[in-house]
Amino acid sequence: MTPKIPDAEADVLGVLFDSAEATARHVRETLAKKRPMAHGTVVTLLRRLEDRGLVKRRKADQGKAFVYRPTKAHARTFGPVVSSLMQRAFGGKPAALMASLFETRPPSREEIDDLEALVERLKLERNK
């Protein structure tokens, strides 16, 4: 199980999951509006994530930068956090968590389509 991930590290991981891989500069620029950070701070967070085995780095194709990528699937990294929240705040009921989420921010048409596809896939898996 992945230990609790501090908010700043979770934000950095979120950028890496969205980008598949990224340099520290890309992470900093992507987070600039949401969470402005100095370049050194981003590098420190990436180093911590690397030390915990949550990201790997490689030398960029050009220049001195490193390119970072997550080592685990998104669900495997954040699943324990979501599961804990669901247990504590929603009595372990996934539907209650989803309802709260979509009352807070209604889903887009694309997100609804994605959810419908997920439900269909889950139904097929359950019937196997």
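Which residues have the most contacts inside the largest nonpolar core? The legends below refer to a predicted model.

**Figure 1. The largest nonpolar core of the predicted model.** This core has 22 residues, and those with the most contacts inside it are Val12, Leu13, Leu16, Val27 and Leu46. Helices α1 (7-19), α2 and α3 each supply at least two residues of the core. Its largest share, seven residues, comes from α1.

**Figure 2. Surroundings of Val12.** Neighbours within four places in sequence are left aside in this view. Valine 12 is then in contact with Val27, Leu31, Met37, Leu45, Leu46 and Leu49. Val27 and Leu46 are, with Val12 itself, among the residues that have the most contacts inside the largest nonpolar core.

**Figure 3. Packing of helix α2 against helix α3.** Helix α2 (residues 24-31) and helix α3 (residues 39-51) pack with their axes 9 Å apart, at an angle of about 115 degrees. Helix α2 is therefore roughly perpendicular to α3. The crossing in which α2 passes α3 is right-handed. From α2, the residues Ala24, Arg25, Val27 and Arg28 meet His39, Val42, Val43 and Leu46 of α3. By class, the residues of this contact divide into five nonpolar, two charged and one polar.

Figure 4. Alanine 20 lies in the loop between α1 and β1 (22-23). Most residues other than glycine have a negative phi. With a relative accessible area of 52%, alanine 20 is exposed, the cut-off for that class being over 50%.

Note on methods: Residues numbered from 1 in each chain as written. Predicted model: local features only at pLDDT ≥ 70, side-chain atom pairs only at ≥ 80, totals over all residues. Heavy atoms only, no water. Axes fitted to C-alpha atoms, helices over the stretch in contact; angles between N-to-C directions. Helix = DSSP H or I, 4+ residues; strand = E, 2+ residues; numbered from the N terminus. Parallel < 35°, antiparallel > 145°, perpendicular 65-115°, else oblique. Left-handed = near helix turned anticlockwise from the far one by under 90°. Contact = heavy atoms within 4.5 Å. Nonpolar A, V, L, I, M, F, W, Y, C, P; charged D, E, K, R; others polar. Core = buried A, V, L, I, M, F, W, Y, C linked by side-chain atoms within 4.5 Å. Buried < 20%, exposed > 50% of the residue type's maximum accessible area, 1.4 Å probe, protein only.
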